[in-house]
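User: I've got a model open and some time to go through it. Can you walk me through the local details?
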Amino acid sequence: MKFGHFDDKNKEYVIETPCTPSPWINYLGQDHFFSLISNTAGGYSFDTDAKMRRLTRYRYNEVPADMDGRHFYVKEGSLIWSPSYLPVKTPLDSYFCRHGLGYTIISGEKNGLAAEMTFFVPHGESCEIQKIHLTNKSKAKKAFSFFAMEEWCLWNASDDGENFQRNLSTGEVECYNGIIYHKTEFRERRNHYAFYYVNHKTSHFESDRDAFLGMHNGFDHPAQVIEGNLKDGVASGWHPIAAHQIDLELEAGESKDLIFILGYCEIAKGEAKFVAPSVINKRPAEELIEKFNTTEKVDAALAALKKKMYAFLDVYKAETGNEKLDRMANIWNPYQSIITYCMSRSASYYESGIGRGMGFRDSCQDLLGFVHMIPEKARQRIIDIASIQKEDGSTYHQYQPLTKKGNADIGGGFNDDPLWLIGATAAYIKETGDYTILDHPTPFDNKLGSEKPLMEHLRRSVNFTINHKGPHGLPLIGRADWNDCLNLNCFSETPGESFQTTENKGDGKVAESVFIAGMFVKYSQEYAEICTHIGLNDEAKAILKEKKKIEEATIKYGWDGEYFLRAYDARGNKVGSHENKEGQIYIEPQGFCVMAGIGHELGYGKKALKSAEEKLGCKYGLEILAPCYHEYHVELGEISSYPPGYKENGAVFNHNNPWVVIAHCVEGESKEAFDLYTRNAPAFIEDESEIHYTEPYVYSQMIAGHEAKNYGQAKNSWLSGSATWSLVALQEYLLGIRPDFDGLLVDPHLPEEFKHLHITRVYRGNTYDINIDNTAKNPSLYIDGKKVDGRRIPYVKGMGKVSVELK
Ligand code: GLC
Ligand code: GLC
């Protein structure tokens, strides 16, 4: 069953009911100020860091769910309703929610009064705009009150939810001129405050939550709204909020706009924080308000935002004749990749914004999905990530976006991490041709004075694997590799202990990862190519020798007969082998080792992919492993802690299915590649939204596997490497337009039912207009009418528009 539909023309998903299976959200902001917004206007806002600078409060785990966020109430006589349905839940006469690229429009109508509410964060600004367009659609004049309420978070979201000893006494506001300023902790060490403004005369306000609600009421039933008048209360401690009351009259057919601004301001260094005792300096707030206090200014800002977002998408546009494929390639998958770039894994409806910072491996992989759209940001991101690498080539696993320092609580020891840096840097260079990034002085562990050219970081990455091999000559796994839950050195028996960070047992010199071997073979090749390009021919040769060694070790010790093994555990036993009772095969090495071409001449690639389909295949793609573990295995760790079919214990991980799609393309298996792609691509499974549960326009991290009770149900939507890798699989392998060091490759892998593909790709300043005859057997490549050998369009600067045909 569906709950909405795609509107490709407007690049929107239109939700037709507030009662979706779960809150279906969107993101506002792409720079430093961000908001999460659900289809019922739930969510929260923060500036730069979802933990340290949270503006509004959101309670995860709350019942009823998703009641926190933007609260709007219309009171007409005794009728009270919310245009976004929540929090009041009065049934609406009509409702829709349009999630677009960086903006959301929610519209509700009741009793002849319509409220269309547009939410967005203007590009580069520190505020969320809420434009409420009210229309009296009835035949008679209407008099009503409009209430808008935001609940402040006391800045540090973690402290806000646990340190009540302190924080119930710290809340402070200033209510001045119809604007409510949230200034908790401003009197001491903070140089920032927030405000909630409306461009209309307010009749009353309230800033004390408990006064607003009244004893024992929830947000659906605030006493002051029911009574019809806010009480102009100024909060002191407890729970400060910002609520405005606007009394309005609309003639039949008349419309009116209200513009609300939820803003964040900093006082510049050296500027006075206070203009009088306890009176904050409102200059930055006034300047921000001045920019957006009219409908005209807001409409212009929204138009500018759309233009900016559409420009990202102009980099790659495909017409395939299949509308579902087009909307994934052109709209939703690139959009999700941009959001994943912005958020890493910090704030979603599944990531609380207080847990994780930016992941090393996550961010490196995310980069593959946005580098072509925002190359300038990709460069900085690579430097930031590399700066948390340690001198020995190992890395911190995460960093905090505010400080950019390696997160000491999590530490390091995830032995796949260093290699992802090579993948990310190679992707950046292939896209931009900018080798100067390799010279960029980049510190180790952010220590001043430790700077070395980025190239030295890559060298230490590649050498880290070379210097950390186990008894079979395969890479040691450390705490874990890509699969955070395969903890072969952890042996945890204490409840609640983190599998990722607990002290590992033993010396870690036995457990090996065949997955990292696949990564090494793929990324050492890219490293060697970079070396060759900058004249380090001897180093390239030396690295290729190391590559060969690991390739040979994988063929000898990493092959199980019909597919690749997953690992050797700390006792030297096989993991992911037919010899095991459970967990006989894992998806990761099948994807990565085949992508890397290991054992290609021996026919291993095709065999591994066939086994993967046979043993892991289900309706929604390939499960991560099979059969699931049914009991806890201390020697395997967290993977066996999940009930069968969930998460790393047998769900379909959308992150590594695209590896297998790519692997099929590498093996020339177009039909299989496309078939697997469609089994979990959001647009292709929209009809199953009821079962799927999460948003039908973006990937979720995982879909419960067939052994799970809730087979087919997805979790952890939005922030997942699934976005990036699916986009790479689609744009670069299925559609086949792939940047390389010296040009663009044209190498499509779609089944025969696709007759003709038309793709435009902006690449290093040129625009390539590419027509592909997908029915041609052994087609040739023509550039501006001239036939060339092979499948590469050699890059020539300044060509402008280039016509390319594969026919
Ligand atoms: C989560 C993590 C990612 C990890 C994956 C598999 O998505 O963000 O780093 O690779 O789980 O465990
Ligand atoms: C848990 C999750 C895994 C995630 C890890 C780190 O182990 O199962 O997906 O990567 O936590 O947060």
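Analyst: Start with Ser344, which counts as buried because its relative accessibility is 0%. Buried means under 20% relative accessible area, exposed over 50%, and partly exposed in between, with a 1.4 Å probe and protein chains only. One caution: this is a predicted model, where local features need pLDDT of at least 70 and side-chain atom pairs count only at pLDDT 80 or more, while totals for chains, interfaces and linings use all residues. Residues are numbered from 1 along each chain as its sequence is written, chains are lettered from A and ligands numbered from 1 in the order in which they are written, and side-chain values use heavy atoms, leaving out hydrogens and water.

User: Where does Ser344 lie?
Analyst: In the loop between α7 (323-343) and β23 (358-359). Helices (H or I, at least four residues) and strands (E, at least two) are DSSP runs, numbered from the N terminus. Ser344 also has a positive phi of about 50°, although it is not a glycine.

User: What about phi of Glu185?
Analyst: Phi there is near 70°, a positive value in a residue other than glycine. Glu185 sits in the loop between β15 and β16. Glu185 counts as buried because its relative accessibility is 13%.

User: Which peptide bonds are cis?
Analyst: One runs from Leu86 to Pro87, with omega near 5°. Pro87 is in the loop between β8 (79-81) and β9 (94-99). Another cis bond joins Ala626 and Pro627, with omega about -20°. Pro627 belongs to the loop between β33 (625-626) and β34 (652-653).

User: Ligands next. What surrounds ligand 1?
Analyst: Arg345, Arg356, Arg361, Asp362, Trp482, Asn483, Asp484, Glu648, Phe653 and Gln701. The cut-off is a heavy atom within 4 Å of the molecule.

User: Which polar contacts does ligand 1 have?
Analyst: Among them, a ligand 1 oxygen is 2.7 Å from an N or O atom in the side chain of Asp362. An oxygen is 2.5 Å from a side-chain N or O of Glu648. For Asp484, a polar backbone atom is 3.0 Å from a ligand 1 oxygen. The protein covers 96% of the 310 Å² of accessible area that ligand 1 has on its own. Such areas come from the Shrake-Rupley method with a 1.4 Å probe; for residues, only the protein chains shown count as cover. A polar contact is a pair of N or O atoms within 3.5 Å; within protein, one must be able to donate a hydrogen and the other to accept it, and residues adjacent in sequence count only if both atoms are side-chain atoms.

User: And how much of ligand 2 does the protein cover?
Analyst: Contacts first: oxygen atoms of ligand 2 lie 2.7 Å from a polar side-chain atom of Glu638, 2.6 Å from a side-chain N or O of Tyr642, and 2.9 Å from one of Lys647. The protein covers 79% of the 300 Å² that ligand 2 has on its own.

User: Switching to helix α5. Which residues are buried?
Analyst: In α5 (residues 283-292), they are Pro284, Ala285, Leu288, Ile289 and Phe292. Seen down the axis, these fall within an arc of 130°, so they line one face of the helix. The arc is that of the directions from the helix axis to the C-beta atoms.
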